[in-house]
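Please read it with the coordinates open.

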Amino acid sequence: MFRADLHCHTTCSDGSYSPVALVELACTSGLAGLAITDHDTADAYPEAVPAAKERGILLGTGIEFSSIYLDKSVHILGYDYVLGHPAIAQFCSNHQKRRVERNRIILDKLRRLRMPIDEQELSKQGTIGRPHIAQLMVNKGYVGSVKEAFNLFIGDGKCCYDQGMGFSATETIEVIHAAGGKAFLAHPHLLDEGGKWIQKVLQLPFDGIECHYARLPSEKEKRWLKIAAQKNWLISGGSDFHGAVKPQIPLGCSWVDEATFHTIFTQNLPT
Ligand code: AMP
Ligand code: ZN
Ligand code: FE
Ligand code: FE
C-alpha cells in the first residue's frame, strides 16, 4: 500500500536523522512518498533529492514555518513550492536572522541565572532553536532533561523565553504562494482551541489543513476533516518525526495515500 509521510524533520532543523538517513529510513519503513518539513529551512533538499531518486521514494517539497497570528504562534506547512525559489530562499534567510537574535536574548537571560552558554556552542548549519538550547542545558548539567529545560526556563512564557520578532501568518502564506506552493495549517489540534482566535485562524487563505497527525486518535481528526470539507481544503498528514528527539513517534505513523500525495504535489524535482 502506498503511504507518504508529509511531516518530518532532519538535522537541518531539530531532527536527529540527516536528510540521507531519513530517506533511507523512509525506504526501510515501507514508505513510498515523503515531504521533509524542517523548521524555517529547505536545506535538507540538496542531499535528500538524489537520495530519494536512488531509492525510488517520491519526494515532494516541504517546509514548516513558525508564524505569528494575533500574538500567538501558528505553524504553517508549505508544500509543492518550487525548490530554490527566491521568495522561499529569502524568507528562510530572514527567519535564520530572526532566530540568531531571538536565541541571543534567551542566552542572555540564561546567563543572568548563572547558566552560561556560549553562542558559538549553538552555531551549526541549519535552523537553531530552543530544542538545541535545551540539549546544551542538559549537557552542562543545568537541568536534568530537555523537558525540565522547557518547563522551568525556556518554554513559552517561562522566565528565559523570548518570542523575538516574528513573521505573520498572512505573510507566510503569501510567500508560500509566491513560490508556487500550497499552505497548510499544521497540527490544528495543538492550537488554543478555546476561544475565537482559532476561528480567525481558520479564516486565513490556507489551501489545506493537517488532519492526520502523529498518533492523534481518529475521533480527534473528525473536527478538522469536517472543516476541510466545509472549506474545500486539501488534507495532509504526517508523523512530525524528529528521531531521537521524540523517540515515541516513529516515521510513517501518520500518512496520506497515493491520490492525496499526487493532488498536493505536482512539481517535478530537479535531478
Ligand atoms: P523554537 O522554534 O526555537 O521556538 O522552538 C520550538 C520547538 O521547541 C518546538 O517545535 C518543539 O519541538 C520544542 N518545544 C516547545 N515547547 C516544548 C516543551 N514544553 N517541551 C519540549 N519541547 C518543546
Ligand atoms: Zn521540530
Ligand atoms: Fe510544528
Ligand atoms: Fe514539525
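The points below cover a helix pair, a metal site and several single residues.

This is a predicted model: local features need pLDDT of at least 70, side-chain atom pairs count only at pLDDT 80 or more, and totals for chains, interfaces and linings use all residues. Residues are numbered from 1 along each chain as its sequence is written, chains are lettered from A and ligands numbered from 1 in the order written, and side-chain values use heavy atoms, with hydrogens and water left out.

**Helix pair H1 and H2**

- Helix H1 covers residues 19–28 and helix H2 residues 45–55. Helices (H or I, at least four residues) and strands (E, at least two) are DSSP runs, numbered from the N terminus.
- H1 and H2 pack at an angle of about 25°, and their axes are 8 Å apart. Axes are lines fitted to C-alpha atoms, for helices over the stretch in contact; angles run from 0 to 180 degrees between N-to-C directions.
- H1 and H2 are therefore roughly parallel to each other. Angles under 35 degrees count as roughly parallel, over 145 as roughly antiparallel, 65 to 115 as roughly perpendicular and the rest as oblique.
- On the H1 side, the contact is made by Pro19, Val20, Val23, Glu24 and Cys27. On the H2 side, Glu47, Ala48, Ala51, Ala52 and Arg55 make the contact. Contact means heavy atoms within 4.5 Å.
- By class, the contact of H1 with H2 has seven nonpolar, no polar and three charged residues. Ala, Val, Leu, Ile, Met, Phe, Trp, Tyr, Cys and Pro count as nonpolar; Asp, Glu, Lys and Arg count as charged; the others, Gly among them, count as polar.

**Buried face of H2**

- Tyr45, Ala48, Val49, Ala51 and Ala52 of H2 are buried. Buried means under 20% relative accessible area, exposed over 50%, partly exposed in between (1.4 Å probe, protein chains only).
- The buried residues of H2 pack against H1, strand S2 (33–35), strand S3 (58–60) and S4.
- Just after H2, glycine 56 has a positive phi of about 70°.

**Iron site**

- Donors are N, O and S atoms within 2.8 Å of the metal (3.2 Å for Na, K and Ca); water is not among the atoms, so sites may look incomplete.
- The zinc ion (ligand 2) is 6.0 Å from the iron ion (ligand 3).
- Glutamate 64 lies in strand S4 (residues 62–69) and histidine 75 in strand S5 (residues 72–79), so the pair ties together parts that are 11 residues apart in sequence.
- Both glutamate 64 and histidine 75 are buried.

- Most residues other than glycine have a negative phi.
- Aspartate 40 has a positive phi of about 60°. Aspartate 40 sits in the loop between S2 and H2 and is buried, with a relative accessible area of 0%.
- Alanine 214 has a positive phi of about 40°. The loop between strand S7 (208–213) and helix H9 (218–231) holds alanine 214, which counts as buried at 12% relative accessibility.

**Partly exposed residues**

- Proline 270 is in the segment after helix H10 (258–264). Proline 270 counts as partly exposed at 45% relative accessibility.
- Proline 270 touches Val49, Lys53 and Leu83, not counting residues up to four places away in sequence.
- Arginine 104, in helix H3 (residues 86–112), is partly exposed at 41% relative accessibility.
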